[in-house]
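Keep the view open as you read.

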Amino acid sequence: MKRYDQTMHLLLPNSIRQWILTSEDRITRQAMLRLVGTSRWIATAIAVCTLGGTVGCQSFSRPPSLFPSKSALYDVPDEEGVRQASATNSFGDTARKNTTRVVNFVTMREQENVTKAKDLYKQGDTVFRQAETMNDEEAKATFHKAAKLFRRANEASPGTALQQDAMFMQAESLFFADRLNEASEAYTELQKTYPRNRHNDRITARLFSISRYWIDTEKATEGKWKFLNLTDHKRPITDADGHAIRVLDQIRYDDPTGKLADDATMAAAAEHIRQGKFEKADEFLTDLRETYTDSEHLFLAHLLGIRCKLEMYAGPAYSGLVLDEADKIVEQTRTRFPDKLRDEKYSDILARAAAEISFHRAERLATRARFRENKKEYGAARYYYNELLKSHQDTPHAETARTRLAAIEKLPDVPTPQLAWLTTVFPDSKASTPLETTFDNGQENPETDSPTLLR
């Protein structure tokens, strides 16, 4: 028993043994050891914990924190290329990493491994360069093979510069493989994951060329029956022009200060005009005039903006706000581009637009005048006819206004109410004035006793 007690004493942690040796309690050192001997299960538990700590068992250690420690956020791949958790890594990070591994396994994605990602990238680059020297069909198949390798390198290196390059090369490989729909999605995903990546200019140029190709193919097949595209990898399954506009719009948001931002805006507006969607086109043209004031398309945006406003006008029975906006753009065009308007073609276009605006405004005044004339409110009708002659003398409605003014010149401003005698029989709905006390001389004098009149 004594030997067992001594063994248990040696297995105790240093802090407990030091406390036993220096204790000034009334219990002596031998009594303390005897107490440990009688409570063997306590000493055994302490020994197991101590041994567990020395051999690496964490069964009885403090539960890990659910919040990641600061050092755990900066784990880097080791020499094998695998991300290793640091000693202070949190339970939450470990759980997330394990979950990522399981999800990658189930979805058949590449597991995180930077070293393997580098090898896959090198293989993809080699295949890509080989495809550049091949013929058309063979090259497309080889580019598609390179895209698969770059995709695996992308999946194996999340959050690294290597992933950024792998995503770009994957999209480039799909582009040269004539899989434009997949390439567009890959370029867009790269822009979404790394908004300020170093391939931004090249990506914008690729997306712009893809959208232009889709628009040109839609123009070529305009008026023909269209079916779902299940064979051609160059085009989307359906609605190619709609996909093109969305790509052009995304270019403006991803790179609003880029070289092709104003070109994308104008191209989207032109496609909307071709489809007859003038309200959508007006939004793009307004954005171009207000945002890209130094664009080479600025003059054309003014001319097309006037045309869109006039096409949006619904008639004299509806709001005339778009006419006011169109007239404002006409004045801006004359002020900003006097050199452009020296060309007879452009000056004629602007003059015809201004005449059309004046015609619509005169039509609105003539419509209001006829409405008042039909209600026999000739005073209001004369007012609108006079306004028409004052502002729009050169329109066809001016002659009609002169004729009608001569016809209603002597008619009363407002119509005579029918059955007017009934107003003397039935009380008026207006509130009557209160009765006032007055005297014969019309002066108020409460001190006299003369008879009064109630008026």
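**Rings and cores**

At 17% relative accessibility, Y384 counts as buried (under 20% relative accessible area; exposed is over 50%, partly exposed in between; 1.4 Å probe, protein chains only). Y384 pairs edge-to-face with Y383, at 5.4 Å centre to centre and 70° between the planes. Rings of Phe, Tyr and Trp (its six-membered ring) pair if their centres lie within 6.5 Å; planes under 30 degrees apart are stacked, over 60 edge-to-face, the rest tilted.

This is a predicted model: local features need pLDDT of at least 70, side-chain atom pairs count only at pLDDT 80 or more, and totals for chains, interfaces and linings use all residues. Residues are numbered from 1 along each chain as its sequence is written, and side-chain values use heavy atoms, without hydrogens and water.

The count comes to 8 aromatic pairs. F299 and Y346 form an edge-to-face pair, 5.0 Å centre to centre with 80° between the planes. F299 is buried, at 8%. Y346 is partly exposed, at 25%. F128, F143, F175 and F176 form one aromatic cluster.

Now the cores. A nonpolar core joins buried Ala, Val, Leu, Ile, Met, Phe, Trp, Tyr and Cys residues through side-chain atoms within 4.5 Å. The largest has 49 residues. Y187, I210, W214, L248 and I251 touch the most other members. Apart from it lies another core, of 16 residues, among them Y313 and A353.

Across the chain, buried residues make up 36% of the 455 residues.
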